[in-house]
Amino acid sequence: MDLGTVLCCSLGVAFGGVLYASYKLGLLYRLFHKAETKSSRHGGESVAEVLRDHGIKFVFTLVGGHISPILVACEKLGIRIVDTRHEATAVFAADAVARLSGTVGVAAVTAGPGLTNTVTAVKNAQMAESPLLLIGGAAATLLQGRGALQDIDQLSLFKPLCKFCASVRSVRKIVPTLRKALAIAQSGTPGPVFIEFPIDTLYPYHMVEKEFSPKGTPKGIMGKITAWYLHNHLTNLFAGAWEVRDISPLPVHVPQATDQQVQRCVELVSRAKKPLILLGSQVTLPPTSADDIRKALESLGIPCFLGGMSRGMLGKDSPLHIRQNRRDALKEADLLLLAGTVCDFRLSYGRVLNRHSKIIAVNRDKTQLLKNSDIFWKPTVAIQGDVGSFLLRLSKGLAGHKFPEDWPQNLKDGDRVKEKTNRAKAEEKTERHLNPLKVLHHVDELMSEDSIIVADGGDFVGSAAYILKPRGPLRWLDPGAFGTLGVGGGFALGAKLCRPDSEVWIVYGDGSLGYTVAEFDTFTRHKTPVIALVGNDACWSQISREQVPLLGSNVACDLAFTDYHIVADGYGGKGHLIGREDESQFDEIVKQAQRECREGKAVLLNVLIGKTNFRDGSISV
C-alpha cells in the first residue's frame, strides 16, 4: 500500500469520525433546525397537545416537581387533572378509564419512588390487557447516573411490564414518542406503555439554561470545553422543538380472523348440539361496541358463561347467561368457544374441559390463546384475532340457524336450583353479626339499573360475584387474573368520572379497604361520590379458611372490627355502621346511602358480617 492510499484512508476515517461526532453532538441537525432561545414554551405543552388530540379527558396523578409542566399544560387545554393519595390509585383509575371509555388511560407520576409505587398497578394493567400510558418524571439528561435526586434506572424496571418503554432525550422527540406509545398501547393485545421525561425536556429554555450555565467565567482549556459542551447539549435539547408536527393518532392494528377461519368455525358450530361460549374480558375491547356484541350473542342463541369485564354483557336476567354449575356444563358441552377466555388457573389449566369437545379458541395474544394446550387440552381451531369482531362474523355466518332449545333450558334450570339453594343459605343465622349472603342479596335488589360494580377483595367479593348481577355491559370492574387487592379506590374514581350519572359501588373486604380508604379524601375533593359496601368480618377470611385447617393457626389473619365509617366521615364522606341490631332497617339505610350519594357525598357502609361455609373449597393460592 503506497503512501497516497494510506493518506486517503486516514483522511476518510478522520472525516467519518468527525461526521459521527457531529451527529452525536447534534451539530448536523442544528444546521437545519434552530433552538428558539427566546421562546417561553415548554415540553409539557407538547405532551398536553398530543394527549388532547388523542381524546384523553383525564390525567391521574400524584403531583411532583418533575412533572408539573405536564399537569399545568393539560389543565390549560381542558384535560382534567385528578390527583390521588397514592400513585397506584392513579394508575388503577387510568386503567378503569381505559376499560370503560375505549381510549388510553393516562397516569403521570414523579420520578423514583413515585414510579416504583405504581409497579403493582402497571403489572395488573398488563395482565388485564388495559391500554394505559404511564408518564414518569426523571432526573435531567446530564445528571442521570450521577446521584441526582430520585434518579434510578426506571426503564429497566418497566421493560418487563410494558409493551413499549422510552426516555425522551430532546424536546423535539416528545410528539413522535408519545404518538408511537399511544398507538402501541392499543394495538394487538392492548397493554401499558411507559415514557420517562427528564426534567430538562419539560421546562422552558431560559429555566433550563439557568441550571446548565456555569456560575462564573470558565477558566482554562477544560473549563472552556466543559462550558461549550453544556451549551451545546442545551442547544441540542431545544433544537427544532417548536416546529410544526403532526400530533394526530397513528393507525391502531387490531388482528382479525381470516375468512377461512370464520367459515371453518361456522361449520363446526352449526353441527353442535350442545355448544357453550366462555366469554372473557377481551370481548369488551374496541372496535366492536358492547351493544353489537350483545345482539350477536342473542342471535347465536348459545348459552354463555361470562367472566371478568364481560360480566353484564347480556344484561341482568338473560336466558342465555348461565351463572352456576360451570364445571358440569363444560363436561357436557360438545363444542366450546373460548372467546377471550384463557386456560389458566380459572379453568384448572384446561383440565376441566371435555376432551371429546370441539374447541374453538379466539384471543388477540398468541401466548394466552394456546396456554397449557400442550398439556391438558387441544384446540380444534385456534385464532389469533379480535374476539368481538369474530363473534359478529360468526353470528352473520349462522344467521337463521337454530340450536336445540332444551340445552340452554336445562342449564338455566340448574341455575335456578343452585340459586334457590344459595338463597336458602342466605337466610341462615350466623353465629354473630349479619349473614354476608343476605347482605349481598338485599344490595342486589336495591342497586339502581345504571350501577357500576367495582370488586376489590377476597372472600366477601368472591361471594358477591355469585350474587350481584351487573345490569349491563361494562358495569363490572375487577382486577383480573392478577388478583390484586387495592384496586377499589382507583377503579371507582375512574368509573365515576367516565359515568358521572351512574351509581358506582365498591364491594370491599375489610382487608382490601385498608389499601385505599384514604381515597375518600379524593372522592370528596373531586366531587366523585361513590358507595363503598364493606364486608367487615375482622379477618383475612379467604386465607384463614385454608390456613387454619391445614396448619392449625390463624396467625396474621385476624383484623379488628374497625370503625371504618368514622374514617369516611373524617375524609369528608358519610359513614354508616350496620350490625345485627340494624338488620330490620338494612334496606332503609342503603336507600339513605343512595340518597346521600346522589346529593354528592361519598358513602361507606361498614357492615359487620359473620361466617358461612358458602365458599368452602375456594382457592387462595
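This is a predicted model: local features need pLDDT of at least 70, side-chain atom pairs count only at pLDDT 80 or more; totals for chains, interfaces and linings use all residues.
**Close-up views of helix and sheet packing**

View 1. Residues are numbered from 1 along each chain as its sequence is written, and side-chain values use heavy atoms, with hydrogens and water left out. Helices (H or I, at least four residues) and strands (E, at least two) are DSSP runs, numbered from the N terminus. The axes of α11 and α15 come within 9 Å and cross at roughly 55 degrees, where axes are lines fitted to C-alpha atoms, for helices over the stretch in contact, and angles run from 0 to 180 degrees between N-to-C directions. The two helices, α11 and α15, are therefore oblique to each other; angles under 35 degrees count as roughly parallel, over 145 as roughly antiparallel, 65 to 115 as roughly perpendicular and the rest as oblique. From α11, the residues D259, V262, C265, V266 and V269 meet F390, R393, L394 and G397 of α15, contact meaning heavy atoms within 4.5 Å. The residues of this contact of α11 with α15 divide into 6 nonpolar, 1 polar and 2 charged, on a scheme in which Ala, Val, Leu, Ile, Met, Phe, Trp, Tyr, Cys and Pro count as nonpolar, Asp, Glu, Lys and Arg as charged, and the others, Gly among them, as polar.

**View 2. V262 is a residue of helix α11.** At 7% relative accessibility, V262 counts as buried, a class that means under 20% relative accessible area, with exposed meaning over 50% and partly exposed in between (1.4 Å probe, protein chains only). If its neighbours within four places in sequence are left aside, V262 is in contact with A257, F390, R393 and L394. As a distance reference, V262 and H86 lie 176 residues apart in sequence and 46 Å apart in space, C-alpha to C-alpha.

**View 3. An open sheet is formed by 5 strands in the order β8-β7-β9-β10-β11, with parallel pairing.** At the edges stand β8 (304–306) and β11 (381–384), each with a single partner strand, so one side of each is left without a neighbour in the sheet. From one strand to the next, the twist averages 10 degrees. Strand β7 (residues 275–279) pairs with β8 in the parallel sense over 3 bridges, two strands being taken to pair if DSSP finds at least two bridges between them; within this pairing, C304 of β8 is the bridge partner of I277. Helix α11 (residues 259–270) lies across β9 (335–339), β10 (358–363) and β11, running at about 140 degrees to β11. Helix α15 (residues 387–397) lies across β7, β9, β10 and β11, and runs at about 140 degrees to β9.

**View 4. Strand β4 is mostly covered, with 7 of its 7 residues buried.** In a regular strand the side chains alternate between the two faces of the sheet. In β4, L132, L134, G136 and A138 point one way and L133, I135 and G137 the other way, and all are buried. The parallel strands β3 and β4 are joined by 5 bridges, and I135 of β4 is the bridge partner of A108. The parallel strands β4 and β6 are joined by 7 bridges, and G137 stands opposite F197 in β6.

**View 5. Helix α3 (residues 68–76) has P69, I70, L71, A73 and C74 buried.** The cover over the buried residues of α3 includes α2 (43–53), β1 (58–62), β2 (80–83), β3 (105–109), β4 (132–138) and β6 (192–198). Just after α3, G78 adopts a positive phi of about 90 degrees.

**View 6. Helix α4 (residues 87–101) packs with helix α19 (residues 488–498) at an angle of about 45 degrees, their axes being 7 Å apart.** That angle makes α4 oblique to α19, and the crossing of α4 and α19 is right-handed. The contact is made by T89, F92, A93, D95, A96, V97, R99, L100 and S101 of α4 together with G489, G490, F491, L493, G494, A495 and C498 of α19. Its residues divide into 9 nonpolar, 5 polar and 2 charged.

**View 7. K331 lies in helix α13 (residues 326–332).** At 44% relative accessibility, K331 counts as partly exposed. Apart from its neighbours within four places in sequence, K331 is in contact with R351, V352, L353 and N354. K331 and G350 are 19 residues apart in sequence and 12 Å apart in space, C-alpha to C-alpha.

Terms used. A crossing is left-handed if the near helix is turned anticlockwise from the far one by less than a right angle, and right-handed if clockwise.
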